[in-house]
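Subject: Structure handover and summary of findings

Dear colleague,

Please find the structure below, together with its sequence.

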Amino acid sequence: MNAAIQQLNNAFSLIAPEAVLLAAVCLIFFAAPFLVNERGEAPVGLRHRWGCLSLLALLLASCVWWQSPPVTRTLGPFVLDELTWYIRGLTLTFGAILVLLHWNQADDARSAESHACLLAILAGVNLIAASNDLVGLFVALELVSIPTYLFLLLPRRDAPAQEATLKYFLLSIFSSAIVLFGMSYLYGATGTTNLSGIHAAFSAASDHRANPLVAVATVMLIAGLGFRLTAVPFHFYAPDVFQGAPTSAAAMLSFVPKIAGFVALLRLMVPATGAEQAMNPWTMTPAAIPLLWWLAVATMFVGNLMALMQTDIRRLLAYSSVSHAGYMMVGLIVGMAHEHQKADVLATVSPNSVSGIGAMLFYLAVYGAMTLGTFAVLIAAARTDKRIESFDDLSGLSRTRPAMALLLAIFLFSLAGLPPTAGFLGKLNLFFAAWSQGTVEGQESYKWLAVILAINAALGAWYYLKIIGVMFLREPINRSQQDTVIETPSLIAAGLCLVGTLGLFFLPGWLWVPIQSIMP
Amino acid sequence: MPSLLVIMIFLPAIAAVALLLLDPQATAVRARWVALLATVATFLVSWGVAAQFLALPQVSETARGPVHPQLVQRHTWLDLSQAGPHSPGVKLEFFLGLDGISLSLVLLTTILTISSVLVSWTAIKDRAAQFYACLLILETGLIGVFCSFDILLFYVFFEFTLIPLFFLVGIWGGPLRRYAAGKFFVYTLAGSLITLLGLVSLVVTTVQANPGLTTPFSIPDLANTLAEHPLTPTVQFTLFLMIAAGFMVKVPLFPFHTWLPLAHVEAPTAGSVLLAGVLLKLGTYGFLRMLLPMLPDACLHTGLPLIGAMASIGIIYGSFCALSQNDIKKLVAYSSVAHLGFCMLGLFALNIEGISGGVLQMINHGLSTGALFCIVGMFYERYHTRQLNELGGLATKLPLMGVAMVFTSFASIGLPGLNGFVGEFLCLAGMFRAGDGQGVIFSALGAMGVVLGAWYLLGVVQHAFFGPVHLPAEHHGPGHEPIADLNAREVAALAPLLGLCLILGLFPQPLLDLIRPDVEAVAKLYGNVRATNPNAFMHASLNNHASQKNLPSVALGSEVRP
Amino acid sequence: MTATVLESQLVVGATLFILGVVGFLTRRNLILIMLSAELMLHGVSINLTAFSRYHGNPQGQVFTIFVLTIAACEAGLALSLILSLYQRRKSLDIFLWGKLGEDDLPVFTGTPAPPITVSVDPNVDLPHLTPAGRMPKTQPGPQTKT
């Protein structure tokens, strides 16, 4: 009994930052109803206080995060390795930016709940990164998706937001069930829910025939998590939800579920630092790689080609987020192949190749900076009466608000992968990883992945350029200046994203060095 | 204290940022003075850099590899070897430097930017601060390409030039500007992404073969490694095609040239000047810097026939297209296709004459076509038309412009005594001796192109500047200011270009001497390749041997002196 | 526990799951869709308990308890969401929620759901289970013709 308590205490110390965040969530949920009267009215300006409180919670969690460096892996339910540490840093940083984006999106009465939901989502993503158990992983995934419904609905409760929430809700619960089914078979095949135990069971397997249970589990897990990544063909909800949901929620959806999905896939498919990767058909990798290969190709092409046809800026950004998910999947696949190959003692691994997983994690951070920056500018450039929806709303922005137009142009150039922005280095790392893996004997298909990535980067440039063209090459349609508002929090967020987008280009080592320590 | 080289690269960009941040609503007057000041300052700094470069002691031939930059500035950008025991030991660097070839192109850039500021003086009134900021940022990008000796840094600057040019064409261009800007951007971006893939795979392949190489992105180190341990011919072939793709679009070589006339016609005059004068040279410079020293086998066996054929078809095709144009700007644009064909013929002759001719032709084309676009812009400003059939006898109205036009056309045609002659002659002479007989065909086609070039350019001169006076109708009526000849500003914009055309025509030797060590180092690679290659014909190696003995570039340079 | 028992339990679980999937994809009634999703979750629960018994360790049962708890959370949230949706459209028909979508694609509405016939109920604002899907076709006979 004492040992169990001891283990629980240890486990708690591994997830201290999440505990801080969830404590803040509880505090906000308890306190908020007392500050709103019976008719649902709140004092003017209450949302600023909730925003400050959320930032404070994030700051506190960041302090705890900084104080808890990676420790060696145990067999407990939670793990705090380099990957956890990195993902925590990522979520806490971008979480602060999301809080800033969300600052004025919800009215005073409902700001508290939506901020609390945002914090809960961030805690959920961190828990995914920290979990070493299928149960923990599932609970953490749900901790991401359940508050998301509220976060989508609370700020604006009009019909489009309701429809967006409904669509997201139904598909999210559907995908959760599919993931859960995969997990149950994985448990059945290995006899344990502990991820370390599962990987140990894989490497201990003496049976060298492919296991049907594991194969089914792999397909189900990829399909279910594909919803989170917005991988084609599980992407179809994304444009509708982005179109209907509040801008800050769309920004959150474009980025946070992707971290969740990719980290969950990493945790499931790739054993963590120091563990042995099994080299037999029993593991998930042989089934997963071809499946993910085709998914990645389809995701890139569908995302970019559909984005070319859009006239609504949010739908366009939704498809752009789909295509970026495809780019990151390239990194994941190449990394999985690399790890799998490393386990094979007969194969020689080039000492000088960039790990695909590293490239993917780098791209994840870069993508967060550029996409959240784009949404921040969309929020900041909106008028009081109308948010930015179609291309016409952005028309001639360089005349009416030149600084905004320039900011947005930088983020879009980064999304298109042009130097001197971090988006360029991100794509370069993916190219580098895919091509190095493709030079290995018998793995030429990864070279094609690199080529397809290049084709898609060119396709993608066209629609980002279209937005830039609308802003800079067209005359403003409505020249009235007076109805613009100064959105200070969003501007701060955009500034932070700008620092990230440009800074990571000039000083990539700042992010790359921690990433390299993740993958042995 | 940063070195003069770094100052030269970033001075225009700093000026542009200052212009945008300090005074975004600047009037056209103030913006253009700031821009002029910045470009002149950059020009002076570039001469300072040139003086530093020339003061350096000569590097002995044995001490240098195929690419040997001087005034080197190296700073680590991303050092992966520090990240952990398992991370790749490669290093990206901010690696700036200069060699003779890049110095001459940098000087060309700084001169042409001054001219393009001067020709935009009155033409650009709308959003002037942003216009000049774009122009200055473009200058930084262009100088940066020529000064970077890290593959990725090169590519970064190479791609970066697209952004300011996109805005220059898209905002201040002609009626089809939005389409032209988009087409130009996506076309070149698609090409250069393939190039990026090729460069990445070149680095990966080299590193896997030579694990000791920790700075594979540095062009000199990579070239040295590849000179000692060349890749297999099949690998070289694939890499050549991939890397060449982006440069072919940029040059542009024959089937990939379709973006060029459109972009030229729609661009504002300053944009056209820089596009033709410098931006196209990024493609040829890329061939010279990335492919010739790195992949000698592929350049010889694939590049020579393929690029030779594309270039000579481009010369003929471009010339015929130019002949049939009514819009003078479009005519000049097609003439660029033809002239760049000469340049590529020279580079892929792969001997000393050819490569020095190619480099010379890059400079010449920049000067003469830059000047042609300036003149076209000037009379468009006066008559608001560029249609050949609406103009005639301009020389009687505008004698100074007539002189300038005739002079520039002669330079562009390649009249002996002007710069075009030296460049084209060296290119064709180099090609004539290259490639086991196929070079003769290519250079014969090229020579036909010279004749065609004389035809279409003299046709313009004769039709628009001489003959019966025939001016657009709407400019005869009252209410228009009398149309004046070139003013002092326009003379100042043209004079340096025309002066350099004359000087380079009469005394090409200093320039040839400047680029000679670098050209020789590259050509030496082909001497080796031919000597060791069993497939090469005997006479080819004999020829090459003779060419090294006679040092023909010196001889040819002095032949044209009157 | 033998493998055959496990197999039959897995078949039950998979059947429940697939029934849930089919129901989720074919129903038009919001509440029934939500219930189908719950059915999927419970198919998984059966899998987990079966495996737990087979392997002889409690982890699967613990997992099942977590799944049940989370399913309850989802259901609570789902019902409140459905209520708020009902208050806007006064119907549970999912085809009424198709306004967002590609511009150039037709909005699929299907045949409109038959009107609610329970008009005697004074509390019309309460949600009703609307007839979902299509009425099954009866044999064409003389008595069905009108």
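The term pLDDT denotes the predictor's confidence in each residue, on a scale from 0 to 100. This definition is needed at the outset, since the model is a predicted one.

Confidence

For chain B the mean pLDDT is 83, with 89% of the residues at 70 or more. The model as a whole scores ipTM 0.89 and pTM 0.90.

Two stretches of chain B call for separate mention. Over residues 83-87 of chain B the pLDDT stays under 50, and the model has 10 contacts there beyond four places in sequence. Residues 531-562 of chain B also stay under 50, with 36 contacts beyond four places in sequence.

Among contacts in chain C between residues at least 6 apart in sequence, 52% join residues at least 24 apart.

The contact between chains A and C draws on 31 residues from chain A and 32 residues from chain C. On the side of chain A that touches chain C, α6 (134-153), α7 (159-190) and α10 (237-244) of chain A each supply at least two residues. The largest share of that side, 17 residues, comes from α7(A). By class, the residues on the side of chain A that touches chain C are 18 nonpolar, 10 polar and three charged.

One residue of chain A

A:Ile313 belongs to helix α13 (residues 313-343) of chain A. A:Ile313 counts as buried because 22 C-beta neighbours lie inside 10 Å, the threshold being 20 or more. Leaving aside residues up to four places away in sequence, A:Ile313 touches A:Ile388, A:Glu389, A:Ser390, A:Phe391 and A:Leu394. A:Ala264, 49 residues from A:Ile313 in sequence, is 30 Å from it in space, C-alpha to C-alpha.

Chain B: overall make-up

Chain B has 22 helices and two strands. Buried residues account for 62% of its 562 residues. Among contacts in chain B between residues at least 6 apart in sequence, 81% join residues at least 24 apart.

Strand β1 (residues 70-79) of chain B pairs with β2(B) in the antiparallel sense, over seven bridges. Within this pairing, B:Thr76 stands opposite B:Glu93 in β2(B). Strand β2 (residues 91-98) of chain B is largely enclosed by the rest of the structure, because seven of its eight residues are buried.

B:His68 lies in the loop between α2 and β1 of chain B. With 20 C-beta neighbours inside 10 Å, B:His68 counts as buried. Not counting residues up to four places away in sequence, B:His68 touches B:Val59, B:Asp99, B:Pro220 and B:Ala521. The C-alpha atoms of B:His68 and B:Asn224 are separated by 9.6 Å, although the two residues are 156 apart along the chain.

Two packed helices are described by the angle between their axes and the distance between the axes.

How do helix α1 (residues 4-22) and helix α2 (residues 28-55) of chain B lie, and at what angle do their axes cross? The axes come within 8 Å and cross at roughly 175 degrees. An angle over 145 degrees counts as roughly antiparallel, and α1(B) and α2(B) are therefore roughly antiparallel to each other. Among the residues that make the contact are B:Leu4, B:Met8 and B:Leu11 of α1(B) and B:Ala38, B:Val45 and B:Val49 of α2(B). The contact of α1(B) with α2(B) divides into 14 nonpolar, five polar and no charged residues.

Helix α13 (residues 328-347) and helix α14 (residues 352-383) of chain B pack with their axes 8 Å apart, at an angle of about 170 degrees. By the reasoning used above, α13(B) and α14(B) are therefore roughly antiparallel to each other. The residues that meet include B:Val332, B:Leu340 and B:Phe342 in α13(B) and B:Met362, B:Leu372 and B:Phe373 in α14(B). This contact of α13(B) with α14(B) has 11 nonpolar, nine polar and one charged residues.

With kind regards

Technical notes: Residues numbered from 1 in each chain as written. Chains lettered and ligands numbered in written order. Predicted model: local features only at pLDDT ≥ 70, side-chain atom pairs only at ≥ 80, totals over all residues. Buried ≥ 20, exposed ≤ 12 C-beta atoms within 10 Å, placed from the backbone. Helix = DSSP H or I, 4+ residues; strand = E, 2+ residues; numbered from the N terminus. Pairing = 2+ DSSP bridges. Contact = placed C-beta atoms within 7 Å. Nonpolar A, V, L, I, M, F, W, Y, C, P; charged D, E, K, R; others polar. Axes fitted to C-alpha atoms, helices over the stretch in contact; angles between N-to-C directions. Parallel < 35°, antiparallel > 145°, perpendicular 65-115°, else oblique.
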